[in-house]
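Work through the exercises below with the sequence and the model in view.

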Amino acid sequence: MNENGMQLIKNGKRIDGRETDEIRPIKIQAGVLYRADGSCYLEWGGNKVLVAVYGPRELLPKHHQHPMRAMVNATYNMAAFSVEDRKRPGPDRRSREISKVTSEALTGIVFTGQFPRATIDVYIEVLDAQAGTRCAGITAAAVALADAGIPMRDIPAACAVGKVDGTLVLDLTKEEDNYGEADMPIAIAPRTEEILLMQMDGHLTMNEFDTGLDLAIGACKKISELQKTALLEKYSASAQ
Ligand code: ADP
């Protein structure tokens with residue numbers, strides 16, 4: 001029993017039956033939207049996310065342009081029907097925060113210097129939410145950017161690590177997120193392990209942080225393989 005009166009780990013297993021270092025099942029499909037330059041549909045456990053990428057295209061109004069590089073503008077939105085209680089439509093503090101950190105993470109990996117004065121718009125629509133949607137959004141956005149042919153140093157991947165009942169766990173569920181002790185979403189460039197996003201809600205000791213980071217990096221590398229497979233599937237199908 002933890003301080004919230006919940007027991008989230010029983011006999012070494014989590015409430016959904018997963019091992020502590022196991023991520024929820026992930027399905028990725030690249031190039032699902034006809035009008036977008038690049039797109040991706042991703043299912044991750046109970047999360048369903050659709051991403052559309054447009055650009056690079058001229059950024060208007062002009063005073064928002066950067067003379068030396070493109071801006072990567074991510075917009076994260078949760079559908080009103082994506083959560084148990086209807087979510088009030090439109091942007092709120094949480095969605096603005098996720099849009100901002102996602103834009104910054106993606107700006108760190110795109111060769112923005114190749115497109116002065118341009119914008120690359122990334123629309124992340126969460127259709128079903130069950131914790132970990134920012135990681136699902138970044139993972140899907142990375143595939144959609146690659147599908148749009150946007151030059152990047154690597155294809156980023158994201159996953160959260162956290163602590164529940166004093167144990168480190170990968171890819172938290174809603175209950176683990178709500179009643180656990182810590183939640184740390186990260187996004188990395190899998191090839192170099194460069195960190196593009198790191199947030200932390202709760203507390204970890206230094207040792208837990210080091211071990212948790214290694215766990216999350218390992219998970220991102222597995223997710224990276226699924227992203228590459230999805231892109232290969234799309235392009236090998238369209239070549240036939
Ligand atoms: P993330 O989805 O990246 O884990 P949070 O930790 O902020 O981001 O949210 C955790 C989960 O809480 C979401 O995935 C979603 O399932 C749920 N949630 C978020 N906002 C709302 C809301 N307005 N109403 C109901 N549930 C929500």
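**Cysteines**

Task: classify C135 as buried or exposed, and then count the disulfides.

Solution. At a relative accessibility of 3%, C135 counts as buried; the class buried means under 20% relative accessible area, exposed means over 50%, and partly exposed lies in between, with a 1.4 Å probe and protein chains only. The structure is a predicted model, in which local features need pLDDT of at least 70, side-chain atom pairs count only at pLDDT 80 or more, and totals for chains, interfaces and linings use all residues. Residues are numbered from 1 along each chain as its sequence is written, and side-chain values use heavy atoms, with hydrogens and water left out.

Next, state the criterion. A disulfide is a covalent bond between the sulfur atoms of two cysteines. In the model, a pair of cysteine sulfur atoms within 2.5 Å is taken as a disulfide.

Then apply the criterion. For C135, the closest cysteine sulfur belongs to C159 at 6.1 Å, which is too far for a bond. For C40, the closest cysteine sulfur is that of C135, and because the separation is 14 Å, a bond is again ruled out. C40 is buried as well, with a relative accessible area of 0%. The count under this rule is zero disulfides.

**Ligand site**

A polar backbone atom of A131 is 2.7 Å from a ligand oxygen. A polar backbone atom of G132 is 2.8 Å from an oxygen atom of the ligand. In D177, an N or O atom of the side chain is 3.1 Å from a ligand oxygen.

The ligand sits in the largest pocket. A pocket is an open set of points on a 1 Å grid over the protein atoms alone, with protein on both sides within 12 Å along at least five of seven lines; a molecule sits in it if more than half of its atoms lie within 2 Å of its grid points. Helices (H or I, at least four residues) and strands (E, at least two) are DSSP runs, numbered from the N terminus.

**Backbone geometry**

Task: state where the cis prolines P56 and P61 lie, and do likewise for R117 and D171, both with positive phi.

Solution. Recall the background: most residues other than glycine have a negative phi, and most peptide bonds are trans.

For the peptide bonds, G55 to P56 is cis with omega near 0°, and P56 is in strand β5 (residues 47-58). The bond from L60 to P61 is also cis, with omega near -5°, while P61 is in the loop between β5 and β6 (71-78).

For phi, R117 has a value near 70° and is in the loop between α1 (93-107) and β7 (118-128). At 45% relative accessibility, R117 is partly exposed. D171 has phi near 55° and is in the loop between β9 (167-170) and α3; D171 is buried at 3%.

**A contact to D171**

Task: determine which atom of D171 the side chain of R18 reaches.

Solution. Locate R18 in the loop between β2 (13-14) and β3 (26-30). At 5% relative accessibility, R18 counts as buried. Its side chain reaches the backbone oxygen of D171 at 3.0 Å.

Technical notes. Polar contact = N/O pair within 3.5 Å; in protein donor to acceptor, adjacent residues only side chain to side chain. 1 Å grid on protein atoms, 1.4 Å probe; cavity = no way out; pocket = protein on both sides within 12 Å on 5 of 7 lines; lining within 4 Å.
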